[in-house]
Amino acid sequence: MNLTRRDTLKYGLAGAAGVGTMLVVPFEARAAMNKGDSYMGESGEITIHPISHASFVMTAPGVVIYADPVGEPAQYEGYPAPDLILVTHEHGDHYKAETLAALAGDNTRLVTNPAVHAMLPDELKAKAIAIGNGDSHTEGNVGVEAIPAYNMSEGRTQFHPQGRDNGYVVTVDGKRFYISGDTEDIPEMRALSNIDVAFVCMNLPFTMDARQAASAVAEFAPSVVYPYHYRGRDNGTQDPAEFARLLNEAGGKAEVMLGPWYG
């Protein structure tokens, strides 16, 4: 995948004696430019715009995709209206009906997990399709595969029970994007292949720590990875720079991109 240079915090993981080199561009500079990170698809540019925590906007040839848009609608001002909205699960940092209603236009389509679909207001439900783990759907020129997302550690399975929530693999303009949603280091994630860009969560106690995330990413080997959703509670926040170091130690080759998820 060809990466267009943008003002993004990027950790390049090739360096002398196995020590990663780091190029740092301040969050403030990147946010002010609001250009996102651009990748070349088969027919044009695909651009990622981090919004906050687990929410981002993707613009691609012929389509605009919003992933787990929550927060105030004003955060999305200046971005094109969505053609497709993806919702991974029902927690408030991933699903907010009022925000969806404000952002969804007449022609917007939603893809959600079944649990979210059941709680959508009627106006949004009319625009939505539910797919469960292992299902797939094509919306226009976008392919969407529902990947399991769940906790498996003792004492944490109540947060994201197996079978309820989705991650997604999105195929657009010949590129494959993995959106983890909230999950631990599960076999289904490690089994992914041919992922160009991955968005991987890491916070405790709800998902996984930086070491688990780095180990999984080293195995499924995306070309580019965004650590996101990394603030937790009770000292459960994970350090994305530590994730980059651990990925390097594990032999991972992915470029680690740090968006301004938290301002």
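Residues are numbered from 1 along each chain as its sequence is written. The model is predicted, with local features requiring pLDDT of at least 70 and side-chain atom pairs pLDDT 80 or more, while totals for chains, interfaces and linings use all residues, and side-chain values rest on heavy atoms, without hydrogens and water.

**Overall make-up**

The chain contains seven helices and 17 strands; helices (H or I, at least four residues) and strands (E, at least two) are DSSP runs numbered from the N terminus. Of its 263 residues, 52% are buried, where buried means under 20% relative accessible area, with a 1.4 Å probe and protein chains only. Contacts are heavy atoms within 4.5 Å. Among contacts with a separation of 6 or more, 57% involve residues 24 or more positions apart.

**Strands β11, β12 and β13**

Strand β12 pairs in the antiparallel sense with both β11 and β13. Two strands pair if DSSP finds at least two bridges between them.

| Strand pair | Bridges | Bridge partners |
|---|---|---|
| β11 (residues 136-139) and β12 | four bridges | E139 and V142 |

Six of the eight residues of β12 (residues 142-149) are buried, leaving the strand mostly covered.

**Aspartate D165**

D165 belongs to strand β13, which spans residues 165-172. Because its relative accessibility is 0%, D165 counts as buried. Its side chain makes a polar contact of 2.6 Å with that of R164. A polar contact is a pair of N or O atoms within 3.5 Å; within protein, one must be able to donate a hydrogen and the other to accept it, and residues adjacent in sequence count only if both atoms are side-chain atoms. Leaving aside residues up to four places away in sequence, D165 touches T88, H89, N113, N133, I147, P148, A149 and H160.

**Helix α7**

Helix α7 covers residues 240-249, and its buried residues include P240, F243, A244, L246, L247 and N248. At the start of α7, a side-chain oxygen of D239 comes to within 2.9 Å of the backbone nitrogen of A241. Just after the helix, G251 adopts a positive phi of about 85 degrees.

Terms used:
Buried means under 20% relative accessible area, exposed over 50%, partly exposed in between (1.4 Å probe, protein chains only).
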